[in-house]
Amino acid sequence: MEKVVIKESNYNVKKGKILRTKRLTGHEKLFEVALEGGGSLDHDPGQFVMVSVFGVGEVPISVSSSPATRGSFELCVRAVGKVTEAMHQLEAGDEIGIRGPYGKGFPIRILEGNDLLIVAGGLGIAPLRSLIKHVLFNRREFGKVHILLGCKTPQDMLFSNELEQWNRRMDVHYECTVDRAAPDWAGNVGVITTLIPGVDIEPERTFAVVVGPPIMYKFVIKELLAKNIPERQILLSFERHMKCGMGKCGRCQIQGLYVCQDGPVFNFADIKNMSEAL
Ligand SMILES: Cc1cc2nc3c(=O)[nH]c(=O)nc-3n(C[C@H](O)[C@H](O)[C@H](O)COP(=O)(O)OP(=O)(O)OC[C@H]3O[C@@H](n4cnc5c(N)ncnc54)[C@H](O)[C@@H]3O)c2cc1C
Ligand code: FES
């Protein structure tokens, strides 16, 4: 597996100034951040940064904005514990530390020219939004684009304005579903796997890109294989506890692979025999 070369400058913690925050749901908040001294993050969709809340700790967070955005970038953060809850207390004008970007993102050059079946579960839309923005910005470079989104309830839906825009586009097939909803919900109800059988794809030219909670992967992969998508064309992004984020501490290791450096994006063929991976 090809190793990621980390640029010398990526070891350093840079100061990031929060330009804007937006509450997306009861649990998630979006942060627009600019690096001190200007300059862009230059990330690939699917890569992450190590974010430090000074005096509290450091966590890996995916970059959620388009790689084409210059001068700032966005992070969508769910408050689950010490650092992410402290981050939710921050507002425009506050500072955080940023290292990275790190890891192997989605292989854009390989995806170009092919059809995409993007499957997002819950917070999985955070890194996938960066990919989707890139694909829509460079729409002619890609074949058919299917976006399937699943979340617990309509209230948990992230980036709802953008989802509506994707839904209106003629060059994107977009569908969403929720696990449960009030009777006035007019959309699909059911887990995300229920959407996959109905998608019309040509498996040999389709790459499936899947990001969501760990429980989702096993069931989604089963449906994708049933549609004859080759194992190598099924891409998954993993979350593991991380400390250094750059292949030094071994904290994120799964059976010899470093999720922070060999991933977080892997293809199913490479990890399918790893009992700890799925
Ligand atoms: C590559 C990568 C990209 C990520 N991208 C995002 C993102 O875009 N937005 C976002 O909100 N979160 C993202 N996460 C998850 C985020 O890093 C964790 O939620 C965060 O580290 C929790 O830290 P804490 O101090 O707030 O919580 P803690 O107090 O440390 O833990 C709270 C709970 O979260 C669990 N947890 C902690 N770290 C992780 C982890 N790395 N993976 C899974 N569970 C964890 C703990 O086991 C515990 O149950 C990403 C993780 C990785 C590895
Ligand atoms: S987080 Fe340290 S090696 Fe991956």
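Analyst: Let's start with Ser52, which you'll find in strand 3, the stretch covering residues 48-53. Keep in mind that this is a predicted model. Is Ser52 buried or exposed? Its relative accessibility is 11%, and since anything under 20% is called buried, Ser52 counts as buried. Leaving out residues up to four places away in sequence, Ser52 touches Val13, Gly57, Glu58, Ile96 and Gly97.

Most peptide bonds are trans, and most residues other than glycine have a negative phi. A cis bond also joins Gly263 and Pro264, again with omega at about 10°. Pro264 sits in a loop, the one between strand 14 (257-258) and strand 15 (265-267).

Now go back along the chain from Ser52. The loop between strand 2 (28-35) and strand 3 contains Asp42. Asp42 isn't a glycine, yet its phi is positive, about 55°. With a relative accessible area of 46%, Asp42 is partly exposed. Phe159 has a positive phi too, near 55°, and is found in the loop between strand 8 (145-151) and helix 4. Phe159 is buried, though, at 6% relative accessibility.

Helix 4 itself covers residues 160-168, and Glu164 is part of it. Glu164 comes out as partly exposed, with 45% relative accessibility. Count 10 residues along the chain between Glu164 and Tyr174, and you'll find their C-alpha atoms separated by 9.2 Å.

What about the cysteines? The structure holds zero disulfides. Cys176 is in none, and the nearest cysteine sulfur to it, that of Cys151, is 6.7 Å away. Cys176 is buried at 14% relative accessibility, and Cys260 is buried as well, at 3%.

Next, helix 5, residues 214-226. Which of its residues are buried? They are Met216, Tyr217, Val220, Ile221 and Leu224. Their cover includes strand 7 (115-121), strand 11 (206-211), strand 12 (234-237) and helix 6 (268-271). After helix 5 comes Asn228, whose phi is positive, near 70°.

Finally, zoom out. The whole chain has six helices and 15 strands. A compact globule of 278 residues would have a radius of gyration near 19 Å, and the 18 Å of this chain agrees with that. Along its principal axes, the C-alpha trace spans about 50 × 45 × 35 Å. Of the contacts with a separation of 6 or more, 69% are between residues 24 or more positions apart. The chain exposes about 13200 Å², with carbon and sulfur atoms supplying 49% of it. As for charge, there are 34 positive and 32 negative side chains, and the centres of the two sets lie 3 Å apart.

Note on methods
Residues are numbered from 1 along each chain as its sequence is written. Chains are lettered from A and ligands numbered from 1 in the order in which they are written. This is a predicted model: local features need pLDDT of at least 70, side-chain atom pairs count only at pLDDT 80 or more; totals for chains, interfaces and linings use all residues. Side-chain values use heavy atoms; hydrogens and water are left out. Helices (H or I, at least four residues) and strands (E, at least two) are DSSP runs, numbered from the N terminus. The radius of gyration is taken over C-alpha atoms; the globule rule is 2.2 Å times the number of residues to the power 0.38. Contact means heavy atoms within 4.5 Å. Accessible areas come from the Shrake-Rupley method with a 1.4 Å probe; for residues, only the protein chains shown count as cover. Lys and Arg count as positive and Asp and Glu as negative; His and the chain ends are not counted. The place of a charge is taken as NZ of Lys, CZ of Arg, CG of Asp or CD of Glu. Buried means under 20% relative accessible area, exposed over 50%, partly exposed in between (1.4 Å probe, protein chains only). A disulfide is a pair of cysteine sulfur atoms within 2.5 Å.
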